[in-house]
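Reader: I have a model open on my screen and would like to know what stands behind the words used for it. Could you take me through them?

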Amino acid sequence: MARAHRGKLYAALAVAVVAAAGINGAVYPLWKKNFAPKTADYSGLSPDQLLFAFAGFRELIAGILWVRADSYFSEGNYDAILPIVRLVTLLDPHQIDVYATGMWHIGYNFTDEGSRSDRRYIPTALALGMEGAKNNDYTYEMFYEVGWMWFHKIDDFYENSVSWMEKANTYDDMIPARRNILNNCYQRNGEVDKALDYAYGLLDKAEKNMKNDREFSARQNRDTIEGNLDNLLVRMSQRGYFAKGAPDRNLGIYDTDNPFDVGFSARVTVVSPKVIVVQGTWGVQPVGTRIRFILRDANFPNALPAGMKWNQGTQVELTPPKDQTFLQDQLFVRNQSFNRKIDMSRDLTMYPFVDDKYLIEFYYNPRSAAIHIQDKFGWSGEGMADKNFLNQEIRPAQRVIYTTLSLTRDQILRRGEWETKVPDAQTKNYRGIKAPSTGSDLITVPGLRGPSSAVEPGDIPQAGGMAGTGEGGG
Amino acid sequence: MNVVLSIAKTTTGEAIRRRVLMVILLIGLVLLVVAPGMEALSARQSTTVLRSLTLGVIQLTSAVIAIVLTVYLIPNEIERRTIYTILSKPVQRWQFLVGKYLGAVAALALMVAMMTATMLIVFSVVGKLTLGSDMVDLAKVPLMFFVQMSLLAAVAVFFSTFVSPIVNFFLSGGVYLLGSVFSSLFEVLSNNKELPAMVQAGARLVHSIVPNFQMFNVQNSAINAGPVIQNEQLYYLGSFGYALVYVMILLIAGILVFDRREV
């Protein structure tokens, strides 16, 4: 080839290199925006899986791994599922089933001997769900799942369940029946007017939908919405919601008037190393009260009153901190008292007790109360009182019951001076409970002739109209 | 031009007659036919898994065909001394090289088309495809694989002008991996401010020099439901242009090397 031709070729080569770089710079962002896999992490794959993943079979490998995870579910080998869930979601970030199932698995399935879930995993479950929502923002599903975890599992800070459910509701593919949940979220968040407007909106849509869709499910959904709306209107009326909004229509005493003193008191006794008994009083006769009980490191990171900062970002950390203790349980009230034994001695990884000091929290929020009890207490605790432990600070615009007690590690582990002495911590007003003589499952229904024989008169404050008369039953 | 086309035609004919390529193609076709059997891997997302598998088979098979087809193009001619017969006629070396490349690309197109047709037939038979836009959207993916493999073939042709077939096989395969799987890694490294400047610069250099093969991977949108593709025409035009320019770069470089080589 002539030198002149070679020179031309070199020049053409240089021009082409510049052109290629320019085109790459312009087109590559378009590719990334439209076609790039959202996440892809190949660490943790075996060599054969790695080869397949390299070759572009990410979704296939994800499917194979998920089948393997399914077998672990059957065997109850829950720990083995966690890394697979993570790997599958990294390989194929569009596996909504894996995100949803993995989130539920992490949030609910890691339990101790007493079937209490390990709350240290909740931030991880939320992080996974939020990642799933971000990677699958074309459908409502993961937004709904995250909202549901706030609503059902965390069961507090309801503004989060509202925001996630509202986001899910913006999608057209959301199943009609699932749209009803937002109504409950609004109510638990104290946004009753919004709940009412939303229910009317749902009913309008359901009726229009029923005209176009003659399927039974369309009629059933419409009837459900109507039933929910009726219940909401009755509750709003009974709880004086309308009357308070228009004083000229106030007809008298409503269920939430004359706040009822629940007479809360509690005592925690360490009966043996890592085994505690929690007893106390709660002067509400109708069955259905569950008081939240938390025992945690006094210096637990991200702790909030009666909980923790559940949303700790989008980092999916599969191993919870091994040196932190956070127990959360429910104290079920029967016969105006509670008496629960909590054994933490068999689950070393869940309750490591490394810290020196521990905080015990008792928390009751009417927003998560059973409906028949909420009828007396109201959505925000306006019908509830307690002369010792009513708290209006830890949850803005809400009246909740909240108090704390303290124990040390030596007390919980029964070491040192506590080897022979029985440690206990109690509220100042605790004066003991009388356990029902015929067994703890027996519910004593008070008669018209006087208070229940199962409860010591004087132990339980009888102020207000709830105990014994059934007045607060709604 | 006739010379180039004559060489291309002959090369295509030779490629089709090569048994090793036929065996690779046959394996690919068999895998495509049995792919629906993998549906059990995911009850709800069976279509996703099936599409991932079939498109993966086409991509992998095409890559192997592209490399095997082209690494022997020049060395075989030299080894069998047929190149002397060709170059003794009024045929320029660049015409020989370009003709060989075009012939290989035509053979590649034929094989990718066969696999695409098989995939579409399988999808239609198992009821995972509706005629019309769905079919067109799915067919776009193998089309982009073809463009990607044409670029890979150019890489292998360039290397075949100065290295042996075995070395070329691993070199081309390595470049393909660097430009596809590891491209994101180099991009991340080049943008990581915490790394030493030298490492960042090195990663940026590799990311810039190595052909960006992953830019032709559009299967993600065909496998998973997702948002509407934006500026689709611009993307396709741009990526075709990128492939064309890069193929030109490799062929010019190959011509320059081959022109000085003693055969």
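Author: Let us begin with the interface: chain A and chain B bury about 4100 Å² between them, and carbon and sulfur atoms give 64% of that area. Buried area here is the accessible area (1.4 Å probe) that two parts lose on being put together, summed over both. This is a predicted model, in which local features need pLDDT of at least 70 and side-chain atom pairs count only at pLDDT 80 or more, while totals for chains, interfaces and linings use all residues. Residues are numbered from 1 along each chain as its sequence is written, chains are lettered from A and ligands numbered from 1 in the order in which they are written, and side-chain values use heavy atoms, with hydrogens and water left out.

Reader: How many residues of chain A are in contact with chain B?

Author: 40 residues of chain A touch 48 residues of chain B, where contact means heavy atoms within 4.5 Å.

Reader: Why is Glu417(A) called exposed, but Lys421(A) partly exposed?

Author: Buried means under 20% relative accessible area, exposed over 50%, and partly exposed in between (1.4 Å probe, protein chains only). Glu417(A) has 52%, so it counts as exposed. Lys421(A) has 41%, so it counts as partly exposed. Their side chains meet in a salt bridge, at 3.2 Å from N to O.

Reader: How do you know that the span of helix α10 of chain B agrees with its number of residues?

Author: Helices (H or I, at least four residues) are DSSP runs, numbered from the N terminus. The expected span is 1.5 Å times one less than the number of residues. For the 13 residues 197-209 that gives 18 Å, and the end C-alpha atoms are 18 Å apart, so the two agree.

Reader: Which residues of α10(B) are buried?

Author: They are Gln200(B), Ala203(B) and His207(B).

Notes. Helices (H or I, at least four residues) and strands (E, at least two) are DSSP runs, numbered from the N terminus. A salt bridge is a side-chain nitrogen of Lys or Arg within 4 Å of a carboxyl oxygen of Asp or Glu.
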